[in-house]
Amino acid sequence: MTTPTGPAHQKLGMTDDEYESIVGILGREPLPAELAMYSVMWSEHCSYKSSRRHLERFPTEAPWVVVGPGENAGVVDIGDGWLAALRIESHNHPSFVEPYQGAATGVGGILRDVFTMGARPIALWDQIRVGPLDQPKNRYLLKGVVSGIAGYGNAVGVPTVGGEIEFDDCYSGNPLVNVMCLGILRKEQLVLGTAGTPGTIAVLLGKATGRDGIGGASILASASFEDESEEKRPSVQVGDPFEEKKLIEACLELYEKSLVVGVQDLGAAGLSCATSEPAGRAGLGMRIELDAVHRRESGMTAPELLMSESQERMMAFVSPGNLDRVLAVADKWEIETAVVGEVKPGPNLTIRHNGRVVAEVPAASLANDAPLLDRPSARPGWLDDVWSAQTSVNDVEPVDLLLKLLDDPAIGSSAWVHEQYDHMLFLSTVIGPGSDGSLLRMKGTDKALAVSTDGNGRLCYLDPRRGAARLVYEAALNVAVAGARPLAVVDNLNFGNPEKPEVMWQLIETVEGISGACEALGIPVVGGNVSFYNETDGVDIHPTPVVGLLGLADPMPSSPPRWSQANEGMEIWEVGPEPTDNLAGSAAQRVAGEALGGRPTAPSPERARRVVTLAADLAHLVPVLHDISDGGLAVAVAEICIASGVGARINNAEPAAMFSEDPHRFVVVMESGTADLPADLATRVGIIGGDSLSLGSGTLDLSIITNAWRQALPSALGV
Amino acid sequence: MRTAVIVFPGTNCEHDVVYALEALGGEAEIVWHRETSLDDFDGVILPGGFAHGDYLRTGAIARFSPVMSDVRRMAENGAPVLGICNGFQMLCEAGLLPGALIANRDLSFICRFVDLEVVDTDTVITRLASEGERVRIPLNSYEGNWVDPSAGGRVALRYVDNPNGSQARAAAVANERGNVAGIMPHPERGIEDILGSSDGQVLLESFLQSLVDYPLVPA
């Protein structure tokens with residue numbers, strides 16, 4: 001991006017109207033440090049100014065919601081005195097500019113959001129989207145992102161237990177990296193991002209502040225990319241997982257000893273955010289001495305100190321009587337501290353630097369008075385043409401298409417990715433990566449938490465409302481086949497340029513889709529993130545919402561279903577509505593080389609509720625359950641065969657039956673009569689046995705499909 | 001019989017090791033690396049993780065921690081001392097075990113179950129196992145490739161398929177007396193079938209039995 005010329009506010013990415021608003025709030029022209037603070041806090045990334053009015057549509061209430069959207073993470077009650085904290089965030093733009101550090105600091109940031117609430121982070125999930133792997137740049141990006149997640153996640157000591165990879169041309173210039181974190185805590189340990197009462201002391205904990213990432217997440221993530229994106233590399237932050245690990249342990253000890261009244265992490269917008277938000281929430285002001293901030297570079301200006309996004313920093317709010325004990329805990333964990341300020345009565349945030357006041361602004365105005373935009377929206381004119389396209393795979397041999405699907409890097413084994421991640425730490429991972437939903441037991445209880453993260457840009461491009469609703473239903477079914485009932489959703493909305501009416505329409509439709517599905521399942525949205533400007537050289541990505549759904553299994557099935565538990569002679573059943581021949585947005589359409597087109601099948605709220613309940617019940621009874629999604633029934637059965645090392649025969653090999661991805665369907669494999677399946681929903685489709693997979697008249701050796709599936713991703717990467 | 005589970009800044013497997021020892025009937029306590037006395041303990045485990053961020057070199061900074069002089073004293077007195085993963089790296093850095101651990105052959109982090117074979121049953125982690133017994137437990141490391149130009153020490157367990165390129169396929173190595181051992185895969189992650197395997201039980205039970213028999217070999 002070329003550096004804009006003109007007035008200071010425009011250089012910081014602010015419009016003339018926004019500047020006038022600041023003048024209105026202050027009653028005068030802003031000082032440079034004040035302008036810097038407003039520019040980051042009012043950026044798209046921090047203020048949600050384009051999306052906020054639409055996000056109000058989300059259902060956010062349920063009896064088990066303890067903390068809804070607006071705090072650092074959502075928190076839900078999971079019974080017996082336990083709470084779960086969850087959050088999802090994107091690190092799309094930084095990961096394109098510098099994939100290792102971009103992805104690594106994404107992990108660091110989401111962890112801080114969760115342990116800020118008083119929770120110990122127990123697991124991470126990663127959603128990665130890049131362009132096709134036949135382009136070297138995309139291979140470089142995927143390898144870099146995976147290394148960054150592994151490098152940070154493993155060293156910080158939080159297991160990465162699941163995720164998803166998707167490839168599409170639209171992500172070539174704009175990869176997506178979304179990361180979700182789950183934490184658990186005892187009820188009495190919940191901490192909020194509040195500054196407390198007047199007299200409370202603000203203590204900055206963690207890494208020294210430097211010039212890295214000035215305006216990183218906030219400015220980088222709030223504008224589109226043009227050719228010169230590498231010039232933005234200095235705005236990417238650098239992560240230090242060792243510092244973060246110490247910070248986690250120190251903060252958890254502070255919570256356990258009840259030594260803090262509130263905590264706020266320093267992420268996007270750095271000190272500007274960590275002072276104004278907690279003060280704003282408390283309805284108070286604050287006095288901050290920038291000279292006290294420990295830093296690793298000399299000569300930093302006030303705007304730089306206020307905008308820096310240096311990683312691994314937290315702001316703790318402490319009663320004066322506890323200060324010495326807080327400093328002692330920090331000293332034990334070998335983390336640096338600085339007493340930087342004090343909470344004051346009245347609304348103003350006063351910031352001093354070199355003995356002078358450099359900013360004096362109403363704290364709440366930074367967080368709450370950001371402009372609320374009502375951007376125009378319009379249904380894309382091209383949609384009717386796209387919907388009218390017809391896809392048929394009737395002239396392709398089903399076994400050939402299946403082999404192509406298994407050989408696809410998005411469908412084949414993800415082992416190359418997840419074996420680089422520690423996914424077993426904490427001895428909780430009952431079902432880990434490479435399954436439908438992850439299942440994490442809670443030691444010392446009968447409970448387990450299940451999580452599924454799901455996205456599908458192609459489906460949402462064709463119909464954002466149906467596509468987004470289907471993601472919620474798919475995630476719900478994924479946790480159900482692990483034995484859990486859906487509890488809450490977080491979402492990461494990855495979109496193009498909101499200044500285009502078509503992109504705003506996609507956002508509004510997506511929000512409607514997610515909201516409708518959540519209402520149908522009776523679950524709230526407890527948090528989320530919006531990433532706009534995923535656009536390079538004027539081309540927007542597909543609308544790509546990613547849903548993270550938390551479920552609770554109480555009790556956990558004593559022997560949860562696994563893909564690997566099929567045995568010779570077991571019956572294969574398909575449960576759910578009969579599939580149509582609509583392949584719009586399906587993996588079969590893609591690997592068959594057909595253009596992306598058609599209108600995806602509409603989901604059904606009633607059927608969704610019914611199959612989710614049924615699957616969660618069956619998880620206590622049957623050895624194998626598997627959600628039918630990418631690649632349809634054929635791929636689902638093939639994955640069971642590969643995991644169990646045994647063949648199968650499917651009787652009806654009609655393409656619609658084999659490859660449809662119509663929603664609300666799952667596979668049951670069991671000995672005859674193990675469980676009663678409802679006659680109106682269940683069809684017996686085949687039998688397990690032998691050493692080959694037969695679809696109608698075609699047959700594939702188990703060794704061939706196993707090899708194709710295992711090698712798909714490594715071959716595409718050339719590793 | 002109490003085991004000290006030592007925690008350095010960056011260690012992350014301490015709670016898992018305590019959980020596993022307690023599940024097998026042992027008694028364990030977390031001890032901070034700045035402690036100087038292990039007088040209250042009968043044995044020591046250095047758990048896995050990234051002590052001091054693996055900065056400089058794995059285990060290179062940890063070996064200078066105050067607690068390490070008492071770990072050395074116990075090792076020399078014949079008490080059971082076990083290093084798991086990062087703890088194995090520390091014991092090599094401290095000179096309590098031979099060799100060193102370098103980056104995996106394929107320069108890639110490896111987290112998955114691996115099959116091991118018991119080679120030597122006269123060590124602190126194998127004394128209840130039988131020679132040739134197969135054990136399946138998770139590996140989780142980047143620097144897991146054991147090399148030892150001196151060809152000293154005893155290989156207690158070896159990989160069936162050598163995933164990281166270790167010399168002699170060594171997955172676990174002990175000192176001459178057998179009371180100090182390091183193992184790269186994680187026995188504490190393999191004590192329950194619900195998590196994929198309970199094969200690691202025999203290794204940790206061997207360690208617990210060694211506490212009872214302390215000292216293994218008279219000093």
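Select A:Arg649 and show its surroundings: beyond residues up to four places away in sequence, A:Arg649 touches A:Ile572, A:Val685, A:Gly686, A:Ile687, A:Ser694 and A:Gly696, where contact means heavy atoms within 4.5 Å. This is a predicted model, in which local features need pLDDT of at least 70 and side-chain atom pairs count only at pLDDT 80 or more, while totals for chains, interfaces and linings use all residues. Residues are numbered from 1 along each chain as its sequence is written, chains are lettered from A and ligands numbered from 1 in the order in which they are written, and side-chain values use heavy atoms, with hydrogens and water left out.

Stay on A:Arg649. The residue belongs to strand β24 (residues 648–650) of chain A; helices (H or I, at least four residues) and strands (E, at least two) are DSSP runs, numbered from the N terminus. Its side chain reaches the backbone oxygen of A:Gly696 at 3.4 Å. With a relative accessible area of 37%, A:Arg649 is partly exposed; buried means under 20% relative accessible area, exposed over 50%, and partly exposed in between (1.4 Å probe, protein chains only).

Next, select A:Ala84, in strand β3 of chain A. Is A:Ala84 buried or exposed? At 0% relative accessibility, A:Ala84 counts as buried. Leaving aside neighbours within four places in sequence, its contacts include A:Gly74, A:Val75, A:Leu182 and A:Leu550. A:Ala119 is 35 residues away from A:Ala84 in sequence, and their C-alpha atoms are 7.6 Å apart.

Move along strand β3 (residues 82–90) to A:Arg87. A:Arg87 forms a salt bridge with A:Asp113, the closest N and O atoms being 3.7 Å apart; a salt bridge is a side-chain nitrogen of Lys or Arg within 4 Å of a carboxyl oxygen of Asp or Glu. A:Asp113 lies in helix α7 (residues 99–115) of chain A, so the pair ties together parts that are 26 residues apart in sequence. Both ends count as buried, A:Asp113 at 7% relative accessibility and A:Arg87 at 9%.

Now pick A:Arg120 and A:Glu249. Their salt bridge has its closest N and O atoms 2.9 Å apart. The pair links distant parts of the chain, 129 residues apart: A:Arg120 is in strand β4 (residues 120–130) and A:Glu249 in helix α10 (residues 241–256), both of chain A. A:Arg120 is partly exposed at 23% relative accessibility, whereas A:Glu249 is buried at 8%.

Remain in helix α10 and select A:Glu243 and A:Lys246, which are three residues apart and so separated by about one helical turn. Their side chains meet in a salt bridge (3.7 Å, N to O). Both residues are buried.

For a network of salt bridges, select A:Arg287, A:Glu289, A:Glu342, A:Lys344 and A:Arg352 together. Over all chains, the structure holds 55 salt bridges.

The last stop is helix α19 (residues 464–480) of chain A. How far does α19 reach from its first C-alpha to its last? The 17 residues reach 24 Å, close to the 24 Å expected at 1.5 Å a residue; the expected span is 1.5 Å times one less than the number of residues. Of these 17 residues, 15 are buried, so α19(A) is largely enclosed by the rest of the structure.

Technical notes. A polar contact is a pair of N or O atoms within 3.5 Å; within protein, one must be able to donate a hydrogen and the other to accept it, and residues adjacent in sequence count only if both atoms are side-chain atoms.
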